[in-house]
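Here's a quick tour of some helix packing and a few individual residues. Have the viewer open and follow along.

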Amino acid sequence: MMRAALEGLVRILGAACLIAAVAGPARAADSHGSGAGEAAAPIEPLPVKPYPVPVELLRTLQLLQDRIAQGSAQAHHGQRALLAHAESRMLALEPETWAEVVNLRAAVTFALSGGGPTLLRHLVASGKVQEPETKLLFGALAYLEGREKEARALLVKIDPLLMPVSLGAQLAMAQSALVVRDDPTQSIRLLDLARLLAPGTLVEEGALRREIFVLAQANDLTKFEALSIQYLRRFRHSVYAGNFRQRFAAALTRLDFTGEDARFGRLQAMLDEVEVEGRRELYLLVARAAVDQGKTGTAVFAAERSLTLAGTGSVEAMRARLYRAAALIVTEGRFEECVETLRMTDRGLLEPADRDLLDAALSTAREIRAAAPGLAGSEGEPTGPRVVPVAPAIARAQGAIGRIDEIMRRSER
């Protein structure tokens, strides 16, 4: 968006210069009473220096990635081919190319934008990089190769605001990942800066996604809600929105909203920003995540909300009833109702993960019935709280979820 505005401004200024160039001599001729009838001298075009090859290739990649942020699956599929083509073009350039700062910075930006470390290794081998830029080059290479300690020592002290805008935004993103473990507050500031430097781009979309989950870990509910609503409004069609929604749903169930009424009200306010189909899916994701985490109230609330948005007899309605039953099966007085719901669920219509959940819930039901044979509502049914055994399948699922969460946390660093 900012790039388009700047290009528009350049066109306006160019037109103004052209008008001044034409009108100036005419006014001068009129004021001196001479030159009437003489042909105007031809106007030479303003000299425009073409962009170097690395800069042109980088601009092409950024335009493609901005379309990915807008939801173009075609652009997403084409990105890998473009990255390979751009890398091969730059690897074939003369070594002297990299003595120019503008080319070096374009190469570093390309690498941080998904190009990877190969080009940077080539730059190091060229021996043409000037001394002031070596810290940036070696720091970016260390970051991309996973040498965090070295990358932190070299990159964190570089001011993104002293770099070209696109490089500054990518640099702020890398710095935020390097400091998030030790200084989440600084990581959030850097992600804010990346969003400010690259509005409307894939960089902003990625920074917004990362920042939302850093805020969730910090339990900063106010900013978490504000940025979540912003993402759901502006980037809900992004190619990466599906992954965001799954992690977002899991994060929602972990946040402390201080009381269920407040939590449900704020949850509903956030999800109301999404179109009906997306809202239904998000409620289902929240319900499933809440079941996995043992958050019965949240699971039931989200499942019932999704039921109101699902068509009668639809797979989505069946999933919602499954999640509600799995959450309520250990609740006093709901056992038989939940077992009946589970038995009526058509496992052939479920995804593998939901089939596992159905099996785990049925296994839990069998263990509950074995532990309390008179559970079906007989006069001798015990009252009060009871300890419910955890089915092995549920325990395994919870362990797997914990491992996935840890992988996700590492991926954001």
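## Ground rules

A crossing is called left-handed if the near helix is turned anticlockwise from the far one by less than a right angle, and right-handed if clockwise. Helices here are DSSP runs (H or I, at least four residues), numbered from the N terminus.

This is a predicted model, where local features need pLDDT of at least 70 and side-chain atom pairs count only at pLDDT 80 or more, while totals for chains, interfaces and linings use all residues. Residues are numbered from 1 along each chain as its sequence is written, and side-chain values use heavy atoms, with hydrogens and water left out.

## The α15/α16 pair

Two packed helices are described by the angle between their axes and the distance between the axes. For α15 (residues 296–309) and α16 (residues 315–328), the axes come within 9 Å and cross at roughly 160°; axes are lines fitted to C-alpha atoms, for helices over the stretch in contact, with angles from 0 to 180 degrees between N-to-C directions. The two are therefore roughly antiparallel (over 145 degrees; under 35 is roughly parallel, 65 to 115 roughly perpendicular and the rest oblique). The crossing of α15 past α16 is left-handed.

On the α15 side, the contact (heavy atoms within 4.5 Å) uses Thr296, Ala299, Val300, Ala303, Glu304, Ser306 and Leu307. Their partners in α16 are Ala317, Ala320, Arg321, Tyr323, Arg324, Ala327 and Leu328. By class, that contact has nine nonpolar, two polar and three charged residues (Ala, Val, Leu, Ile, Met, Phe, Trp, Tyr, Cys and Pro are nonpolar, Asp, Glu, Lys and Arg charged, and the others, Gly among them, polar).

## Length and burial

α15 has 14 residues and reaches 20 Å from its first C-alpha to its last, close to the 20 Å expected at 1.5 Å a residue (the expected span is 1.5 Å times one less than the number of residues). The 14 residues of α16 should likewise span 20 Å, and its end C-alpha atoms are 20 Å apart, which agrees.

α16 is mostly covered, with 10 of its 14 residues buried (under 20% relative accessible area; exposed is over 50%, partly exposed in between, with a 1.4 Å probe and protein chains only). Among them are Met318, Arg319, Leu322 and Tyr323. The buried residues of α16 pack against α14 (276–293), α15, α17 (335–344) and α18 (352–371). In α15, the buried residues include Val300, Phe301 and Leu309.

Over in α17 sits Glu340, which counts as partly exposed at 43% relative accessibility.

## A parallel pair: α3 and α5

α3 (residues 73–91) and α5 (residues 118–126) pack at about 5°, with axes 10 Å apart, and are therefore roughly parallel. Glu87, Met90 and Leu91 in α3 meet Thr118, Leu119 and His122 in α5. That contact divides into three nonpolar, two polar and one charged.

## Around α11

Phe224 is in α11 (residues 221–234). Is Phe224 buried or exposed? Phe224 is buried, at 0% relative accessible area. Leaving out residues up to four places away in sequence, Phe224 touches Ile212, Leu215, Ala216, Phe248, Leu252, Leu255 and Met270. Phe224 and Leu255 are 31 residues apart along the chain, and their C-alpha atoms are separated by 9.9 Å.

Most residues other than glycine have a negative phi. Asn219 has a positive phi of about 60° although it isn't a glycine. Asn219 lies in the loop between α10 (202–218) and α11 and is partly exposed, at 35% relative accessibility.
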